[in-house]
Amino acid sequence: MPADTSEHTDGEKLPEVVAGPDADRAAPRRLGITFWVAIGWVALVTGAAIAAPLLPIADPDEIGIGPRASGPNWDQWFGTDTVGRDMFSRTIWGARVSLMVGFFSIVAGFLVGGMMGVVSGYRRGWTDLVLGFVTYIMLSFPTLVLFLLVILLFGQGLWTVTAALSIVVIPSVSRLARAITIAFAEREFVAAARLLGATNRRVMVREILPNVLIPMSALLLLGLGLTIVAEGGLAFLGLSVADGFSWGKMIQLGAGLRTLQTAPWVAFFPIGAMFLTVLSLNLAGDQLRQYFDVRELGIGGR
Amino acid sequence: MTYLMRRLAFMFGVLVAVTFLAFSATNVIGDPLFNVVGFYASIDCDAVIAGEMEDVIGTVAGTGIGECERVIEAREKYHLDDSLPVRYGRWIVGMAQGDFGESYANQMPVSSILAERLPKSMLLMGVSMVVALGVSIPWGVAAAYRANQRFDRASTAGAFGLLSIPGFALAIILFYFFVVRWQIFPSRYMDDNIFSRLHSLVLPAASLGLPLAVVYQRLLRTDLITTLQEDFVITAKAKGLSDRRIMFRHVLRPSMFGMITVVGLNMSALIGGTIIIESIFSIPGFGRELYVSAIRDDITVVLAGVTVLATAFVVINTVVDLLYSYLDPRVRRAG
């Protein structure tokens, strides 16, 4: 049995200790107004990001489109940066890389991690031990060093960065999926399927996987917030996608001492955009999580 | 095999796997020779010295021999002709004996680089932890004491807001107001005495500690609420104990499991965070050194860093498990 700490939170030995967060209040069975406002904001940002080339906004890379380092005004709603690029247009274009990398990495992380967790929770024994070992290695490898190694090995392409980010998501998702699988593997419908002669693979894919993935998909929004922030941190260190720019890159460009003194809005508009988006994802994700009543995902990293 | 033995074997296996992965990856990425002898690393120096190859880089024959002798020298010094597993074995044995090798970039012993950089980062992490726990424990207790009432609702909203600000963005916001606008804190790291150090660390520690404090407060609050519904709380109340004593003496202790686990798991995230925070506040710490070394392919320093961090992570998680058994004797019996 892998000697990791999750052993104590699986609810096998000490069910009382993990009665679970929010066990005290009944989950409301409807999604409130907050949820729809938050989803609306996410949809707005996503739509703007996708439609950025079609929108009647300035070229985000054109230098000197306005005066240098001028504050927000009627012509440039978010002001201009120190070389006179339009910050409003840049904020919209910056969303593209941020959202794309965040979205694909969390989806990939959920698929791979979910699969690992289901297999490990259903088969137990040696499979569980080996997968637990792999998960633990992924957890104990310093995150940023992992990024650096992947990026130095495979370059700073969009898909490389996405894959590197998803590696960080996998262990947490896998542990959660494993815990949920263990809970379901004992249930009657699984026993029934096995008595009817279903193969292990069929039981895992047809019986258990839907029960694990559907509640966990509620956590996708929360996870998306985390990967967007993680991409921002990478971009801030100059380690994210080399072509184009994301919010994190914009924040880095605005974070120099001199720029903060003369044109603080260069850093603050992308920070604001990222904050509102992540806040919306957190609010919507939390509502959804309560709706489906799943335990909190323990991705602590940021 | 006893539980403890299995546990130790597992830990050992994880460490070997992590260091081997890191060792192989770094050796694939960077040619260690390149850092030492530069361009000549890519030339077939055996042929040059044997006189088989005359024109090395389009210069007059024979000029490259001096450099090529340095290449051979460096190869022998760093044992670069051996196979990967052999080099890994030599390196890990050296590490176990406290020999971390020397930096390829400036030939300084890695152990002295670590000795200089680690304490600064440890101080930063320590202060951040103090901020995180110092904020989250009273906050969590206050929120759980009157759960779902006015203070709790306000603090939930506040927690959501704080949780949605990335650590590096929080650092820039704090930097802008406290350094650029109000000039309360220095913009560079002041290393004169312990007071100036702590003074320079207030903002970095707040940027690292506050997001963690929110996570811990949420966990502690829910666990406290669960514990408050247990029968022994009613017993304690019936005995006439004060609310404060019940909260801090009887309820807090059994409610700290979730938080302690996450504190342990968070350590690596905290270390990752120091890399960004140290560069924003220009603190010459371990995280910053690790980042710079990785960028310039200084393999020995990166490897030493990975080993130190992975060991710390594994050890901390073991300590967390031991803490479990201290806080809840049932774990001891079950194990």
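Q: What makes residues of H6(A) and H9(A) count as meeting?
A: Contact means C-beta atoms, placed from the backbone, within 7 Å. In this predicted model, Val161(A), Leu165(A), Val168(A) and Val169(A) of H6(A) meet Gly223(A), Thr227(A), Ala230(A), Glu231(A) and Leu234(A) of H9(A). By class, six of these residues are nonpolar, two polar and one charged. Asp, Glu, Lys and Arg count as charged; Ala, Val, Leu, Ile, Met, Phe, Trp, Tyr, Cys and Pro as nonpolar; the others, Gly among them, as polar.

Q: Why are H6(A) and H9(A) called oblique to each other?
A: Their axes come within 11 Å and cross at roughly 125 degrees. Angles under 35 degrees are roughly parallel, over 145 roughly antiparallel, 65 to 115 roughly perpendicular, and the rest oblique. The pair is therefore oblique.

Q: How do you know that Ile251(A) is buried or exposed?
A: Count C-beta atoms within 10 Å: 20 or more others means buried, 12 or fewer exposed, in between partly exposed. Ile251(A) has 26 such neighbours, so Ile251(A) is buried. Among its contacts are Phe236(A), Ala169(B) and Ile172(B).

Q: What makes a set of residues a nonpolar core?
A: Its members are buried Ala, Val, Leu, Ile, Met, Phe, Trp, Tyr and Cys, joined through C-beta atoms within 7 Å. The largest one here has 146 residues, and Ile251(A) and Ile172(B) are among those with the most contacts inside it.

Residues count from 1 along each chain as written, while chains are lettered from A and ligands numbered from 1 in written order. Local features need pLDDT of at least 70 and side-chain atom pairs 80 or more, whereas totals for chains, interfaces and linings use all residues.

Note on methods: Axes are lines fitted to C-alpha atoms, for helices over the stretch in contact, and angles run from 0 to 180 degrees between N-to-C directions. Helices (H or I, at least four residues) and strands (E, at least two) are DSSP runs, numbered from the N terminus. Two residues are in contact if their C-beta atoms, placed from the backbone, lie within 7 Å. Lists of a residue's contacts leave out its neighbours within four places in sequence.
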